[in-house]
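Please read this briefing alongside the sequence and the model shown here.

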Amino acid sequence: MTKISPSILSADFANLKEEILDVERGGADYIHVDVMDGQFVPNITMGPLVVKAIRPVTKLPLDVHLMIKNPDKFIHEFVEVGADILTVHAEASPHLDRTIQTIKDAGIKAGVVINPATPVALIQHVLPNVDLVLLMTVNPGFGGQSFIHYVLNKVEEVDKLRKEQGLRFEIEVDGGVNADTAKLCKDAGVDVLVAGSAIFNQRDRAKAIASIRNG
Ligand code: DX5
Ligand code: ZN
């Protein structure tokens with residue numbers, strides 16, 4: 001079954017605990033945490049303190065998406081505060097192999113992510129070392145943007161490499177996911193759908209999650 005990772009970027013920050021419990025009750029599989037530094041992306045959001053605060057709130061794995069320059073500097077801090085999956089942008093990691101190894105050595109799952117216009121070739125050689133490949137379906141920085149369709153070709157490309165090499169990482173997409181685009185993603189080989197506004201902007205989160213999962 002396709003997993004759903006609600007992005008708390010679109011949650012009510014003044015009620016973060018209730019918002020997380022609501023999507024957990026509603027059937028979420030992961031909680032997606034968008035960390036932005038105002039450098040790698042043109043927005044600033046949250047950091048390790050927020051991860052620390054929400055860790056005791058939920059049993060769900062925390063799927064932490066680092067949109068920051070020099071992610072190596074902060075890996076240990078995010079591991080300490082309870083991230084379960086730490087995903088780094090290939091574009092922000094000049095020593096990507098080392099960065100992934102550092103995450104794995106710390107005992108958590110390592111993910112790698114590329115922007116829409118970044119070719120799959122950039123991450124091809126690290127595929128055997130990762131637990132998750134995130135393909136951005138918007139340019140990162142903000143919630144509520146439109147899905148970029150050409151990324152579906154990259155999903156198929158990564159899925160093909162995964163099959164050819166007998167690898168087991170999950171393929172995740174992030175940005176512009178709703179019931180309509182979710183269907184296209186699943187058909188292309190996606191295992192985990194991140195959705196922010198399509199879940200948190202709806203009153204009934206269980207219904208929103210179900211319609212994305214079954215869309
Ligand atoms: C974008 C973030 C996404 C964002 C998705 O930079 O990485 O996780 O929250 O929001 P929606 O689902 O509204 O496009
Ligand atoms: Zn994200």
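Helices (H or I, at least four residues) and strands (E, at least two) are DSSP runs, numbered from the N terminus. Helix 5 is followed by G166, whose phi is positive, near 60°. This is a predicted model, in which local features need pLDDT of at least 70 and side-chain atom pairs count only at pLDDT 80 or more, while totals for chains, interfaces and linings use all residues. Residues are numbered from 1 along each chain as its sequence is written, and chains are lettered from A and ligands numbered from 1 in the order in which they are written.

**Overall fold**
- The protein has eight helices and eight strands.
- Of its 215 residues, 42% count as buried, where buried means that 20 or more other C-beta atoms, placed from the backbone, lie within 10 Å of a residue's own, and exposed means 12 or fewer.

**Helix 5**
- Helix 5 (residues 151–165) has 15 residues and reaches 21 Å from its first C-alpha to its last.
- In helix 5, V151, L152, K154, V155 and V158 are buried.
- N153, K160, K163 and E164, on the other side of helix 5, are exposed.

**Around ligand 1**
- Ligand 1 is surrounded by 22 residues, the closest being S7, P140, G143, G196 and S197, where near means a C-beta atom, placed from the backbone, within 6 Å.
- Strand 2 (31–36), strand 8 (192–195) and helix 7 (197–200) each supply at least two residues of this shell.

Methods: Expected span 1.5 Å × (residues − 1).
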